[in-house]
Amino acid sequence: MRTLLTSIAVVLLAGSAFAADQTPAELRKSALELFKPLPSTTPSVHNNPITPEKIDLGKALFFDPRISASGVFSCNSCHNVGTGGDDNLETSIGHGWQKGPRNSPTVFNAVFNIAQFWDGRAEDLAAQAKGPVQAGVEMANTPGQVVATLKSMPDYVNRFNASFPDEEDPTTFDNFAKAIEAFEATLITPAPFDAFLNGDDAAMTEEQQKGLALFMDKGCSSCHAGVNLGGEGYYPFGLIEKPGAAVLPENDKGRFAVTQTADDSYVFRAAPLRNVSVTAPYFHSGKVWDLKQAVGIMGVSQLGEEINDAEAELIVAFLDSLTGRVPEIAYPILPAETAETPRPSGEVKN
C-alpha cells in the first residue's frame, strides 16, 4: 500500500507538466506517454486462437437465454450491446428477479482489462463468462446443465465441432466460455480520442482537448491510463477521503473478498473509462447517475481536491471523446430446441 500511495503522489506532483494551453501536437505527445489507441484489429487472447467460426458460436451463446436456468437471461441481458455494453441499472436483475450486489461493467473493450469483475476475481473473459452462469443471483445454472442444453441441439454441436476441430468432444463448458471470449474480443469501439492519438488534430474539440490536459494535470490518469483508460490496476476507493455509505457500501469490501488481505479492503479495479458517457450509473454501487457528479466525487475521494464546475465540465467533455463506434451486431438466429433440451426452471434456491 505504501508503494501505491507513493506512486500516486509522484504523479500528482508531476501534474504541472501538463499545460492546458499545449498545441494539439504537444498534447498528443504528453497523452501518448500515458494512453494507447485501440488496435485496428481484434486482439489475440491467451490460449484461445480466435477464428470466424468461434466468433459466430460465441455470438450465439452470448445472446442465448437458454444458458440460464430460467431461460430468461442471456449475457446480453446485463451487457446489452445496444445500450453501451451494460444494462444501465444500479445493479443487475437476475434469476427469480433477484438483485445483484454490484453494477454491471460494460463488455465493450473489456478484453483490454487486466482482469474481469470489479474485484478482479476472473483472470480473463473466459473465466468471467463462467461466473454469471453459475451465480445463483444471476443465471443460476450449472456447467452440466449448460452442456446438456447445448448437446441437445444438433446445430450447436456442429458449431462446436467447427470451432474446436481438433478435440474429440468439443462441446464442453470450457469451450463454451472460450467461444464467448472470442466474440467479446471483437467488441472494440474506436473513438475520437483514438483518432486524435493517431494524429488527427481535429478529432477532438477544443473543449475536449482542454479536458484531456486537465485530466492529466489533475492526476486522474494515475489510475485511468493505458488503452482502456483504466482496468489495469487496483486502487482504494476513498484513497484520500472515503465517500459516504450511499456511494461506498460498508458491506462491500471489494478485492478483500478475493485476497483476504487487509490492505485490499475497499480496493477495486480502476474502472475503464471508454464509453463512460453512455454507461451510467457509476461506481460499483451504481448509485451515481450524473457523470459530472462522479467526476467531483473522484476528485475529493481520490485526489483530495475540489474540482470546480468549469473543470468538471471540461473533464466530462474529454470523457465524451471516449464514446466509440459500436460494431454492427445483427441479432443471431439461434439453434432450435429439441425434445431433449432441458426445460427452464424459475426456482430460487437459498
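**Helix packing and nonpolar cores in a predicted model**

**View 1. Helix 2 and helix 10 form a left-handed crossing.** The model shown here and in the following views is predicted. On the side of helix 2, the contact involves Pro-24, Leu-27, Ser-30 and Ala-31, which meet Gln-209, Leu-212, Ala-213 and Met-216 of helix 10. Six of these residues are nonpolar and two are polar, while none is charged.

**View 2. The largest nonpolar core of the model contains 39 residues.** Within this core, the residues with the most contacts are Phe-35, Phe-193, Leu-212, Phe-215, Phe-283, Phe-318 and Leu-319. At least two core residues come from each of helix 2, helix 9 (192-197), helix 10, helix 12 (291-303) and helix 13 (309-320). A separate core of 30 residues lies apart from this one and includes Cys-75, Phe-176, Phe-183 and Leu-187.

**View 3. Leu-212 and its contacts beyond the neighbours within four places in sequence.** Leu-212 belongs to helix 10 and takes part in the meeting of that helix with helix 2. Once those sequence neighbours are set aside, Leu-212 is in contact with Leu-27, Ala-31, Phe-35, Phe-193, Phe-196, Met-204 and Phe-318.

**View 4. Helix 5 and helix 8 cross in a right-handed manner.** Helix 5 spans residues 125-134 and helix 8 spans residues 173-184; their axes come within 8 Å and cross at roughly 115°. Helix 5 contributes Leu-125, Ala-126, Gln-128, Ala-129, Lys-130, Val-133 and Gln-134 to the contact, and helix 8 contributes Phe-173, Asp-174, Phe-176, Ala-177, Lys-178, Ile-180, Glu-181 and Glu-184. By class, eight residues of this contact are nonpolar, two are polar and five are charged.

**View 5. Helix 3 packs against helix 8 with axes that come within 7 Å.** Helix 3, formed by residues 52-63, crosses helix 8 at roughly 100°. The two helices are therefore roughly perpendicular. The residues of helix 3 in this contact are Lys-54, Ile-55, Leu-57, Gly-58, Lys-59, Leu-61, Phe-62 and Phe-63; those of helix 8 are Phe-176, Lys-178, Ala-179, Ile-180, Ala-182, Phe-183 and Glu-184. Ten of the contact residues are nonpolar, one is polar and four are charged. Phe-176 of helix 8 also takes part in the contact with helix 5.

Methods: Residues numbered from 1 in each chain as written. Predicted model: local features only at pLDDT ≥ 70, side-chain atom pairs only at ≥ 80, totals over all residues. Heavy atoms only, no water. Left-handed = near helix turned anticlockwise from the far one by under 90°. Helix = DSSP H or I, 4+ residues; strand = E, 2+ residues; numbered from the N terminus. Contact = heavy atoms within 4.5 Å. Nonpolar A, V, L, I, M, F, W, Y, C, P; charged D, E, K, R; others polar. Core = buried A, V, L, I, M, F, W, Y, C linked by side-chain atoms within 4.5 Å. Buried < 20%, exposed > 50% of the residue type's maximum accessible area, 1.4 Å probe, protein only. Axes fitted to C-alpha atoms, helices over the stretch in contact; angles between N-to-C directions. Parallel < 35°, antiparallel > 145°, perpendicular 65-115°, else oblique.
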